[in-house]
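Open the model in your viewer and keep the sequence panel beside it. Each stop below gives a selection and says what is there.

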Amino acid sequence: FFMRQHKTNDVQARILFSRIFTYFMLVSLLAFLLLAFFLPYILTTPVFGRQLLPLRYAGGLSIIPVILFAYIFQGMYTNFIAGIYIEEKNKSLPIITGLGAATNVIVNLLLIPTMGIMGAAIATLAAYIVMAFAIYRVSQKAYPITYDWNRVTKLFIIIGAAYGIERAVVLGNLISDGTSLFILRLVLTIAVGIALFLFGFFSEQEIKFLKEKLRI
């Protein structure tokens, strides 16, 4: 896909790659929030007398948001790799992968003894962050793309604020019953959708497109 678009119209291809990255971040960050909020209910709610996640694995639920966040950076890595393929800078890939592997091993050794499974999750996140930043720098030098960091930053702030509020409530024991927590998470999810429109994440063209799809 990268190569085909580049060969067809390079100027338009760079614009397209930037737009794809923005939409990827929108979908992946929303998925992160929805899964972090509601996946535990799906995994632990009995269906026909059985639940998807056996009780003996329930202790692992705490690492779900960390792993989900790690996969966002893995997706960023995949988006940024376009310039590497187009300009045939493949020699840098083993170095970047090795850097990520080294980060993973080092952070595992540092954190697992004190944090256990959460330490391993953080190590995965750290590795993907390092790889994403490394390939971004290499790719931008080889094949510059003007990514819309303004909109992506808005996404991180809005999603981060919603998740941060939920964590503050949970860790501060401000809500004691599960029903109230579920309602809070639902309200925060709706608030994120409203905030995306209020803070101008969507362009007029995108809003028009969404309205047309809703009518259909």
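**Stop 1: the whole chain**

Show everything as cartoon. This is a predicted model. The protein has nine helices and zero strands. The C-alpha trace spans about 55 × 50 × 35 Å along its principal axes. Now colour by accessibility. Of the 216 residues, 35% count as buried.

**Stop 2: the largest pocket**

Select Ala36, Phe37, Pro40, Leu61, Ser62, Pro65, Val66, Tyr163, Glu166, Arg167 and Arg185, which line the largest pocket. Which elements give two or more residues to this lining? They are α2 (10-44), α3 (64-80) and α7 (149-171). The volume of the pocket is about 190 Å³. Sort the lining by class: seven residues are nonpolar, one is polar and three are charged.

**Stop 3: charges in the pocket lining**

Side chains of opposite charge can pair when their charged atoms come close. Start at Glu166. Is Glu166 buried or exposed? Glu166 counts as buried, because its relative accessibility is 1% and the cut-off for buried is under 20%.

Then turn to Arg167. Its salt bridge with Glu166 has the closest N and O atoms 2.8 Å apart. Arg167 is partly exposed, with a relative accessible area of 28%.

**Stop 4: other salt bridges**

How many salt bridges does the count come to? The count is five. Select Asp10 and Arg14. Their side chains meet in a salt bridge of 2.9 Å, N to O. Both residues lie in helix α2, and they are separated by about one helical turn because they are four residues apart. Asp10 is partly exposed at 21% relative accessible area. Arg14 is also partly exposed, at 26%.

**Stop 5: two loops with positive phi**

Most residues other than glycine have a negative phi. Check the backbone torsions at Glu88. Phi there is positive, about 55°, although Glu88 is not a glycine. Glu88 is found in the loop between α4 (82-86) and α5 (92-115). At 67% relative accessibility, this residue counts as exposed.

Now jump to Asn173, in the loop between α7 and α8. Asn173 is not a glycine, yet its phi is positive at about 55°. Asn173 counts as exposed, at 66% relative accessibility.

**Stop 6: a nonpolar patch**

Switch to a surface view. Select Phe182, Ile183, Leu186, Val187, Ile190, Ile194, Leu198 and Phe199. Together they make a nonpolar surface patch of about 800 Å². Zoom in on Leu198, in helix α8 (residues 178-198). How does Leu198 qualify as exposed, and at what relative accessible area? Leu198 is exposed because its relative accessible area is 67%, and the cut-off is over 50%.

Terms used:
Residues numbered from 1 in each chain as written. Predicted model: local features only at pLDDT ≥ 70, side-chain atom pairs only at ≥ 80, totals over all residues. Heavy atoms only, no water. Patch = residues over 30% accessible without salt bridge, like charges linked within 9 Å, V, L, I, M, F, W, Y side chains within 5 Å. Areas by Shrake-Rupley, 256 points an atom, 1.4 Å probe, with all protein chains shown as cover. Salt bridge = Lys/Arg side-chain N within 4 Å of Asp/Glu carboxyl O. Buried < 20%, exposed > 50% of the residue type's maximum accessible area, 1.4 Å probe, protein only. 1 Å grid on protein atoms, 1.4 Å probe; cavity = no way out; pocket = protein on both sides within 12 Å on 5 of 7 lines; lining within 4 Å. Points joined across faces, edges and corners; volume = space filled by probe spheres on them. Nonpolar A, V, L, I, M, F, W, Y, C, P; charged D, E, K, R; others polar.
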